[in-house]
Amino acid sequence: MGRILLLSALLFGLLAGAQTEKCPCCTDNHKAFDFWIGTWKVTNADGTAAGENIIEKVQDSCILKENWTSAAGNFTGTSTNFYNLITKQWEQLWIDNSGRHLKLKGNRKGASMIMASDKFIHTDGNEYVNRITWTANEDGTVRQLWEVLKDEEVVNVAFNGLYKKVASK
């Protein structure tokens, strides 16, 4: 019983300490993906409508939350993105309305956030990696490029979208 009380006191102390910091997620590393924040119209590489995406900071600026709706409105998804202080990497967990999910991790390099999945075995028996790169362009747009790699070589582009901010009202 004494150990439980001690562990509870330690945990409460850690949580209380974290809550008293002014902004524990306001470091440069935590802000590295802020260029993706906004309400966006997204087009495919050929200029056709891909969908709409809303990216916002939640949980006292510790999480970037994504809410995607396809242009047809029948495909939606949400991702949670955060900077992991332990691994020193950004992580994303995407889950869509078909029940599929994608886990990514990586970091910002220059004007781009680059995250990749662990290797996975496809139904063809080969190992692949999903790599998604978001690049902040000088004109305020963001390019999202989702590539599928086999042995470090790009074998497929799953998505190539351009994000344009929706004007504030």
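**Exercise 1. Work out whether Trp36 is buried or exposed, and list what it touches.**

Solution. Trp36 has a relative accessible area of 0%, so it is buried (under 20% relative accessible area; exposed is over 50%, partly exposed in between, with a 1.4 Å probe and protein chains only). Before going on, note that this is a predicted model: local features need pLDDT of at least 70, side-chain atom pairs count only at pLDDT 80 or more, and totals for chains, interfaces and linings use all residues. Residues are numbered from 1 along each chain as its sequence is written, and side-chain values use heavy atoms, with hydrogens and water left out.

Next, the contacts (heavy atoms within 4.5 Å). Leaving aside residues up to four places away in sequence, Trp36 touches Asn53, Ile55, Glu66, Ser79, Asn81, Gln92, Trp134, Val142 and Tyr163.

**Exercise 2. Classify the ring pair Trp36 and Trp134, and say which parts of the chain it joins.**

Solution. You need two numbers here: a pair of aromatic rings is described by the distance of the centres and the angle of the planes. The rule takes rings of Phe, Tyr and Trp (its six-membered ring) with centres within 6.5 Å; planes under 30 degrees apart are stacked, over 60 edge-to-face, the rest tilted. The rule gives 11 aromatic pairs. For Trp36 and Trp134, the centres are 5.3 Å apart and the planes make 50°, a tilted pair.

Now place the partners, using DSSP runs numbered from the N terminus (helices: H or I, at least four residues; strands: E, at least two). Trp36 lies in the loop between helix H1 (2-20) and strand E1 (38-44), and Trp134 in strand E9 (residues 127-136), so the pair ties together parts 98 residues apart in sequence. Trp134 is buried too, at 1% relative accessibility.

**Exercise 3. Find which residues touch the most other members of the largest nonpolar core.**

Solution. A nonpolar core is a set of buried Ala, Val, Leu, Ile, Met, Phe, Trp, Tyr and Cys residues joined through side-chain atoms within 4.5 Å. The largest one has 22 residues, and Phe33, Trp36, Trp90, Met113 and Trp134 touch the most other members. Elements giving two or more residues to this core include E1, E3, E9 and E11.
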